Amino acid sequence: MTGMGISDGTQFDALGPTLSVTTEPAEPAGGDTITATAVLTNDCPFPLRNVVLHLIDPGATTAAKTIPLGDLRLGAKTTRRWETAMPADVAGNVSFTAHVVFDVDGRSSDCARSAKTFTVPYEPNGVRDPYRTFATTDDAEFGQYGSQLVIWAGGRDFSGGTDEKAGILLPGSAAESSVVQVKTVSLTGSDNPTAKYGIAVANDLTAPEKGGYAVLTMSKSYGLEFMTDSNGDGHLDTWAGGGGSTHPAWLRLVRDGTTYIAYSSTNNALSWTETARATVPSASGALDAGVVASAVNLNYPGTTVQAVFDRFTVEES
C-alpha cells in the first residue's frame, strides 16, 4: 500500500521512563514482515520495581509477548525486539505498541505506553459474506478491513422525498427483540456539515417502501439524527436529535416489536444516552439491519464522503 504517513511514538514523562518503538522497515506495506524494537530507559529519579513489558501487534487486544524485566536501576536501558507482520487486511491508523507496567515504591504502580503508528489509506475492496451492499446513488463503493466497514457515497439527501444513500446490510438479522450497534469512526471527504452515517433498519433495506424503515445517524457537524417512517410509505418523516457531533461515537438502535429506541455513547460504549423512541407500525418479522452513509450533497454537487464504521453487531435481546 502507498501513501502512508508515520508518527513518532516516542513518549517521555518527567515522572516516568522513556519508552520508544521503531520498526524495520520504517515504512512497511500490508503483509510485510516487521521487526519492531522497543527501547525502555529508566530516566526516573528512582528505580523501577517489578517491571513487565507488553509488546502488542496491530489490531491485537492482547500482547504478542509479555516480558518480565524485574527491577530497573536508575539510568538502566533495555531493548526488546519482536517479529510480527503488517496485516494485509488493514487500513486507518495501525500501531505497533509497547506498554510497560511497574511499581514505584512498593505501594503504588504506574505505566507508560508508546507506539509506532502508520496511517494506511482505505481503498474500496468490496465486502465479504454475510454482508450485502445496496445503493440509491451510482457513485457508491464499499470496503471491509477486519472489523471495519467502509462506504464511499454521494447522495442528495437522506429524508423526506429524496432518500439517496449507500449501505452495507445483514439481511433479516434484526429479530422482534434485538439490538443493532456500531461505532461510527470517521466521516471525511466533504465539507458539508449535514453529511451523515449510521445505522438503518427496515423490512427490506433495498426497498424501504415495504415498511419498518428507520435510521440513526451521526452527522458531520450537527449531531445525532433519529428518523423513522411513521406510515410505511418508505419516506423518513419523523425526526429527533441535534446537538454537536462526535467522531468517533457509538450508536445503538433497540427494537422491541414496532418500538424503536435510539441511544448514543461518546465514552466507548461504557454508558448510553437515550436520544428518542418511536413507533414504526409497519415493522414486521425479522428486519434487515445495516450501516448507511450519504453525502447529503444537494447543495454540494458532486461531493462524496468516506464513512468508516467499526464493530457492527446485531444481537437478539
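**Close-up views of a predicted model**

**View 1. Asn-50 in strand β4.** Asn-50 sits in β4, the strand that spans residues 48–56. The model shown here and in the other views is predicted. Leu-69 is 19 residues from Asn-50 in sequence. In space, their C-alpha atoms are 7.0 Å apart.

**View 2. Asp-204 in the loop between β16 and β17.** This loop joins the view to two strands, β16 (196–202) and β17 (214–219). Asp-204 counts as buried because its relative accessible area is 17%, below the 20% cut-off. Its side chain makes a polar contact of 2.6 Å with the side chain of Thr-206. Neighbours within four places in sequence aside, Asp-204 is in contact with Lys-210, Gly-211 and Asp-288.

**View 3. The largest pocket.** The space in this pocket is about 570 Å³. Its lining is made up of 25 residues. Gly-59, Ala-91, Asn-93, Val-94 and Gln-148 lie nearest the centre.

**View 4. The lining of the largest pocket, by strand and by class.** Three strands, β7 (92–103), β8 (109–120) and β15 (177–188), each supply at least two lining residues. β7 gives the most, with five residues. By class, 11 lining residues are nonpolar and 11 are polar. Three are charged.

Notes. Residues are numbered from 1 along each chain as its sequence is written. This is a predicted model: local features need pLDDT of at least 70, side-chain atom pairs count only at pLDDT 80 or more; totals for chains, interfaces and linings use all residues. Side-chain values use heavy atoms; hydrogens and water are left out. On a 1 Å grid over the protein atoms alone, a cavity is a set of points where a 1.4 Å probe fits but cannot get out, and a pocket is an open set with protein on both sides within 12 Å along at least five of seven lines; lining residues have an atom within 4 Å of a point. Grid points are joined across faces, edges and corners, and a volume is the space filled by probe spheres set on the points. Helices (H or I, at least four residues) and strands (E, at least two) are DSSP runs, numbered from the N terminus. Ala, Val, Leu, Ile, Met, Phe, Trp, Tyr, Cys and Pro count as nonpolar, Asp, Glu, Lys and Arg as charged, and the others, Gly among them, as polar. Buried means under 20% relative accessible area, exposed over 50%, partly exposed in between (1.4 Å probe, protein chains only). A polar contact is a pair of N or O atoms within 3.5 Å; within protein, one must be able to donate a hydrogen and the other to accept it, and residues adjacent in sequence count only if both atoms are side-chain atoms. Contact means heavy atoms within 4.5 Å.
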